[in-house]
2 protein chains.
Amino acid sequence: MDEAQLEAIREGMSRPFPFVERTGFEVVALRPGYCHARMPLEPNVNHIGSMYAGALYTLAEIPGGAMALATFDASRFYPVVRDMHIDFRRPARTDVEVVVELSDDEAERIRTAAEERGKADWTWTCELTDAHGTVVTVTENHYQLRVHGS
Amino acid sequence: MDEAQLEAIREGMSRPFPFVERTGFEVVALRPGYCHARMPLEPNVNHIGSMYAGALYTLAEIPGGAMALATFDASRFYPVVRDMHIDFRRPARTDVEVVVELSDDEAERIRTAAEERGKADWTWTCELTDAHGTVVTVTENHYQLRVHGS
């Protein structure tokens, strides 16, 4: 995948559909096995001045899909979220960021398993951090890579 | 709490802050120990024509707070979401609804515990159903009722 293709995915995954676009979510950097994303506080502030839990959920959820599109051949595979556990540790009173990574070995395991069985599960932990570096939310993400048409 | 107060809470919790208002979420009915809420598909549709996971999260999250405001004395107590597990069972291709209930006995246990210790945990399961009655998402919600200033 070349730089122009990665940039098109990064741009597209910053506003994949209106719900996400309304939050101001942005994919800051994207490459195979890596996604850095940000959620701004202001459009997502709740009744007590911190970031609404649903915006934190969105920030934890979208980067897995973006990273999958940058890592796996989108003409053959697509990712789905199966379930998530989300633990709110501290109120977020600034913009919030997350980095999601996937090693080459793990990507190869997922790709091979999906090719063999039509789908493959993978799980990772997300730490969402505020502008002070404080972990405000921790999630455990359960995703599945599926083969189109299987 | 009289009918006018309940109606004011129902109205307020249908648009508690912009993030939720943008989704078109609505509290349909609210009374002590009971909240019925709805999330429309159209403003929340994702790239594959179903309801985005973050809108389903929001529909599972807000009713617990609305019900707490209708059940407990808001001048003394406030609810917070601690963590949630969300399991996506089926794609939602219609508006989605949820009913959250809390028995008088459980409300009394939570109230008494919060008065004694400044906070009290409670947990419940949400089933989100589509217009055909199919359960599309199941969540386990962990909330805490806290005493103001404690």
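Trainee: How many residues does helix H3 of chain B have, and what distance does it reach from its first C-alpha to its last?

Mentor: This is a predicted model, and in it helix H3 of chain B runs over residues 53-71.

Trainee: Is H3(B) mostly covered or mostly uncovered, and how many of its residues are buried?

Mentor: A residue counts as buried when its relative accessible area is under 20%. By that cut-off H3(B) is mostly covered, and the number of buried residues is 18 of its 19.

Trainee: How are H3(A) and H3(B) oriented to each other?

Mentor: Two packed helices are described by the angle between their axes and the distance between the axes. Here the axes of H3(A) and H3(B) come within 9 Å and cross at roughly 150°. Because angles over 145 degrees count as roughly antiparallel, H3(A) is, relative to H3(B), roughly antiparallel.

Trainee: Which residues of H3(B) meet H3(A), and how do the residues of this contact divide by class?

Mentor: From H3(A) come Ala53(A), Gly54(A), Tyr57(A) and Thr58(A), and in H3(B) they meet Ala53(B), Gly54(B), Tyr57(B) and Thr58(B). By class, the residues of the contact of H3(A) with H3(B) divide into four nonpolar, four polar and no charged.

Trainee: Within chain B, how are H1(B) and H3(B) oriented to each other, and what is the handedness of their crossing?

Mentor: The axes of H1(B) and H3(B) come within 10 Å, and they cross at roughly 160°. With the cut-off for roughly antiparallel at over 145 degrees, H1(B) and H3(B) are therefore roughly antiparallel to each other. As for handedness, the crossing of H1(B) and H3(B) is right-handed.

Trainee: Which residues of H1(B) meet H3(B), and how do the residues of that contact divide by class?

Mentor: On the side of H3(B), the residues are Ile62(B), Gly65(B), Ala66(B), Leu69(B) and Ala70(B), and from H1(B) they are met by Leu6(B), Ile9(B) and Met13(B). The residues of the contact of H1(B) with H3(B) divide into seven nonpolar, one polar and no charged.

Trainee: Is Arg10(B) buried or exposed, and what is its relative accessible area?

Mentor: The place of Arg10(B) is in helix H1 of chain B, residues 3-14. Leaving aside neighbours within four places in sequence, Arg10(B) is in contact with Glu26(B), Val27(B), Val28(B), Ala29(B) and Leu30(B). Since buried means under 20%, Arg10(B) counts as buried, with a relative accessible area of 16%.

Trainee: Where does Val81(B) lie, and which residues of chain A is it in contact with?

Mentor: Val81(B) lies in strand E3 of chain B, residues 77-88, and counts as buried at 17% relative accessibility. Neighbours within four places in sequence aside, the contacts of Val81(B) include Tyr57(B), Glu61(B), His142(B) and Tyr143(B) and, from chain A, Ala53(A) and Phe88(A).

Conventions:
Residues numbered from 1 in each chain as written. Chains lettered and ligands numbered in written order. Predicted model: local features only at pLDDT ≥ 70, side-chain atom pairs only at ≥ 80, totals over all residues. Heavy atoms only, no water. Helix = DSSP H or I, 4+ residues; strand = E, 2+ residues; numbered from the N terminus. Expected span 1.5 Å × (residues − 1). Buried < 20%, exposed > 50% of the residue type's maximum accessible area, 1.4 Å probe, protein only. Axes fitted to C-alpha atoms, helices over the stretch in contact; angles between N-to-C directions. Parallel < 35°, antiparallel > 145°, perpendicular 65-115°, else oblique. Contact = heavy atoms within 4.5 Å. Nonpolar A, V, L, I, M, F, W, Y, C, P; charged D, E, K, R; others polar. Left-handed = near helix turned anticlockwise from the far one by under 90°.
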